[in-house]
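Hi,

Here is the structure I said I would pass on. Have a look at it first, and then read on for my notes.

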Amino acid sequence: MVTEKTVLPDKFSSGPHGLGDPEDRSLRKVEIEVLIPKLMREKAKSEKCVKEVEEFNHCCKKSSVFMVVKCQEENSLMKSCLTSWYQNEDFRKLCTEEYLKERSEFRRTGVKKPMKRA
């Protein structure tokens, strides 16, 4: 078997599909600063602050153009809920583990998990 040369380090180009080692648990800067916070935002909106997000969305739909003025209270409640989850270290660890599990599965199978569309 001939192995292709790549400019990437072995841990990013090894594995069964050349996508990286499925067992590697190290995180790149972009994963720490962008991808995991994105997962945290999505989970906080869809699982942790559902009531606040729904109330804000309902207010915006009801208020139309005047939502900036009329929905300040709902926006503040939603922001404080989301912020409390973003700053929760246990929640960050949970999301990091979920991210690593998904990345490992992708590296093992080569199949991307379908994105959820809201």
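Let me start with a question: which residues does Glu 74 touch, not counting those up to four places away in sequence? They are Glu 55, Phe 56 and Cys 59. Glu 74 itself lies in helix 5, which covers residues 72-86. With a relative accessibility of 22%, Glu 74 counts as partly exposed, because buried means under 20%. There is also a C-alpha separation to go with this: Glu 74 and Glu 54 are 20 residues apart along the chain, and their C-alpha atoms are separated by 9.4 Å.

Now for the overall picture. Keep in mind that this is a predicted model. If you take the contacts with a separation of 6 or more, 66% of them come from residues 24 or more positions apart. The accessible surface is about 9100 Å², with 56% of that belonging to carbon and sulfur atoms.

- Glu 31 sits in helix 2 (residues 29-48). Its relative accessibility is 1%, so Glu 31 counts as buried. Leaving aside neighbours within four places in sequence, Glu 31 is in contact with Ser 26, Ile 36, Pro 37, Tyr 99 and Arg 103.
- Glu 52 is in helix 3 (residues 50-63). Glu 52 is buried yet has no salt bridge: Lys 51, the nearest side chain of opposite charge, is 4.9 Å away. Beyond residues up to four places away in sequence, Glu 52 touches Leu 77, Met 78 and Cys 81.

Helix 6 takes in residues 89-109, and its 21 residues reach 30 Å from the first C-alpha to the last, close to the 30 Å expected at 1.5 Å a residue.

At its start, a side-chain oxygen of Asn 88 comes to within 2.9 Å of the backbone nitrogen of Asp 90. Just after helix 6, Gly 110 has a positive phi of about 80°.

Cheers

Technical notes. Residues are numbered from 1 along each chain as its sequence is written. This is a predicted model: local features need pLDDT of at least 70, side-chain atom pairs count only at pLDDT 80 or more; totals for chains, interfaces and linings use all residues. Side-chain values use heavy atoms; hydrogens and water are left out. Contact means heavy atoms within 4.5 Å. Accessible areas come from the Shrake-Rupley method with a 1.4 Å probe; for residues, only the protein chains shown count as cover. Helices (H or I, at least four residues) and strands (E, at least two) are DSSP runs, numbered from the N terminus. Buried means under 20% relative accessible area, exposed over 50%, partly exposed in between (1.4 Å probe, protein chains only). Lys and Arg count as positive and Asp and Glu as negative; His and the chain ends are not counted. A salt bridge is a side-chain nitrogen of Lys or Arg within 4 Å of a carboxyl oxygen of Asp or Glu. The expected span of a helix is 1.5 Å times one less than its number of residues. A polar contact is a pair of N or O atoms within 3.5 Å; within protein, one must be able to donate a hydrogen and the other to accept it, and residues adjacent in sequence count only if both atoms are side-chain atoms.
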